[in-house]
Amino acid sequence: MMERRRETYASVGAAVLLAGAILLNICFILVAMHNQGGKQLHLNSYTTESVFPNSLIPYDEHPYDAQLTIEETLHYGPTNDEEWLTLFPKGGGYVRLGPDRRLFRVTMFHQLYCLNIIRKAIVDASWINEEDRNTTTFCFNYVHQLSLCAASTRLEPVKQLTSGIGVNGLGMEHTCRDWSLVYTSLEQHVK
Ligand SMILES: *[C@@H]1O[C@H](CO)[C@@H](O)[C@H](O)[C@H]1NC(C)=O
């Protein structure tokens, strides 16, 4: 009697162990599926604070092959408000993305916005209140840091200028991302 009972306990134990193992496996699979689904959900919904695509145009679809020659221009002078406004697309460079239509600004337009703030401060500092001064200081740092980010090592020859020996960078070709693609992409997003 004792022997048989022990045998029964043993097989019940084995069955419980096996069932437990199977259950554990199912749990792992469910958790794995949930995690994967969760990840995809976040990427699509753009709702999580830090999870969203890092660029409006994926970098591999935005070649670094545009040429820009620095030239002296009378356009975009510091007092030309109207021309500066033409640099901004409809919506000011903001874009709504994802099913929740989360709002973003594209860095290129944040840079231009900041340059425009600095321009206005140079032209007429009298309108600046404390808040604007803070914005201008912020913008100054922002443009400074993004110049470091671009880290252009284009060589500009030192030459005789009317003001003496120096560099003005005029006539130098720079290789850039095609900024017109950014405008095109925004037009598609901002309707
Ligand atoms: C401007 O910045 C200063 C220093 O960071 C801060 O104390 C002040 O509250 C800011 N003013 C406004 C109006 O945001």
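**Loop between β1 and α2.** I began with Y76, which sits in the loop between β1 (66-69) and α2 (81-86). The model is predicted, so I read every value here as computed. Phi of Y76 is near 55 degrees, positive in a residue that is not glycine. I noted it since most residues other than glycine have a negative phi. Is Y76 buried, exposed or partly exposed? I counted 13 other C-beta atoms within 10 Å, so Y76 is partly exposed.

**Loop between β2 and β3.** Next I went to R101, in the loop between β2 (94-97) and β3 (102-105). R101 is not a glycine either, yet its phi is positive, about 50 degrees. I found 9 other C-beta atoms within 10 Å of R101, and therefore it is exposed. The cut-off for exposed is 12 or fewer.

**Overall layout.** I stepped back to the whole protein. It holds 5 helices and 6 strands. From the N terminus the order reads α-β-α-β-β-α-α-β-β-β-α. How much of the protein is buried? Buried residues are 4% of the 191 residues. I also checked contacts between residues at least 6 apart in sequence: 63% of them join residues at least 24 apart.

**α3 against α4.** Then I took the helix pair α3 (residues 107-123) and α4 (residues 130-150). Their axes come within 9 Å and cross at roughly 130 degrees. That angle makes α3 oblique to α4. The crossing is left-handed. Which residues make the contact? From α3 I listed Q111, C114, L115, I117, I118 and A121. From α4 I listed T135, T136, C139, F140, Y142, V143 and L146. Sorted by type, the residues of this contact are 10 nonpolar, 3 polar and no charged.

**The loop joining them.** I looked at I128, which lies in the loop between α3 and α4. I128 has 15 C-beta neighbours inside 10 Å, so it counts as partly exposed. I set aside its neighbours within four places in sequence; I128 is then in contact with A121, R133 and T136. Two of these names were already on my list for the helix pair: A121 of α3 and T136 of α4.

**α4 itself.** I checked the length of α4. It has 21 residues and reaches 30 Å from first C-alpha to last. That is close to the 30 Å expected at 1.5 Å a residue.

Conventions. Residues numbered from 1 in each chain as written. Predicted model: local features only at pLDDT ≥ 70, side-chain atom pairs only at ≥ 80, totals over all residues. Axes fitted to C-alpha atoms, helices over the stretch in contact; angles between N-to-C directions. Helix = DSSP H or I, 4+ residues; strand = E, 2+ residues; numbered from the N terminus. Parallel < 35°, antiparallel > 145°, perpendicular 65-115°, else oblique. Left-handed = near helix turned anticlockwise from the far one by under 90°. Contact = placed C-beta atoms within 7 Å. Nonpolar A, V, L, I, M, F, W, Y, C, P; charged D, E, K, R; others polar. Expected span 1.5 Å × (residues − 1). Buried ≥ 20, exposed ≤ 12 C-beta atoms within 10 Å, placed from the backbone.
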